[in-house]
Amino acid sequence: MNKSLNQIIYISDPTNVSMADEWYDHATLDHFWVHHRNIILKKYFSHLIESSERIGEIGCGNGLILTYLAQAFHKAVDGIDLNLPALQL
């Protein structure tokens, strides 16, 4: 994935939100929960992902699913989230 293409576009003024930001200290693609979620995502939804021209995720957090989809399916993906620190990760 080309990190230089990643950018945050604001569609409203940022405000503080209360999220479980500690999760992002542990949430990586090799975390057991994330890893197995991605296996299930691929098993049950790969046909939809492969046939889609555009993919977006609402509530993307730090972008683990977006990263997985981009790497596994070679797709451009967009994410939307309220948590600016998570998006910046």
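## Contacts of Ile65

Contact means heavy atoms within 4.5 Å. Setting aside neighbours within four places in sequence, Ile65 is in contact with Arg37, Asn38, Leu41 and Glu57.

This is a predicted model: local features need pLDDT of at least 70, side-chain atom pairs count only at pLDDT 80 or more, and totals for chains, interfaces and linings use all residues. Residues are numbered from 1 along each chain as its sequence is written, and side-chain values use heavy atoms, leaving out hydrogens and water.

## Nonpolar core

Seven residues form the largest nonpolar core: Leu41, Ile49, Ile55, Ile65, Tyr68, Leu69 and Phe73. Such a core is a set of buried Ala, Val, Leu, Ile, Met, Phe, Trp, Tyr and Cys residues joined through side-chain atoms within 4.5 Å. Buried means under 20% relative accessible area, exposed over 50%, and partly exposed in between (1.4 Å probe, protein chains only).

Helices α1 (32-51) and α2 (64-73) each supply at least two residues of this core. The largest share, four residues, comes from α2. Helices (H or I, at least four residues) and strands (E, at least two) are DSSP runs, numbered from the N terminus.

## Helix α2

Eight of the ten residues of α2 are buried. They are Leu64, Ile65, Leu66, Thr67, Tyr68, Leu69, Ala70 and Phe73. These buried residues pack against α1, β1 (55-58) and β2 (77-80). His74 follows α2 and has a positive phi, near 55 degrees.

## Tyr44

Tyr44 lies in helix α1. Its relative accessible area is 48%, so Tyr44 counts as partly exposed.
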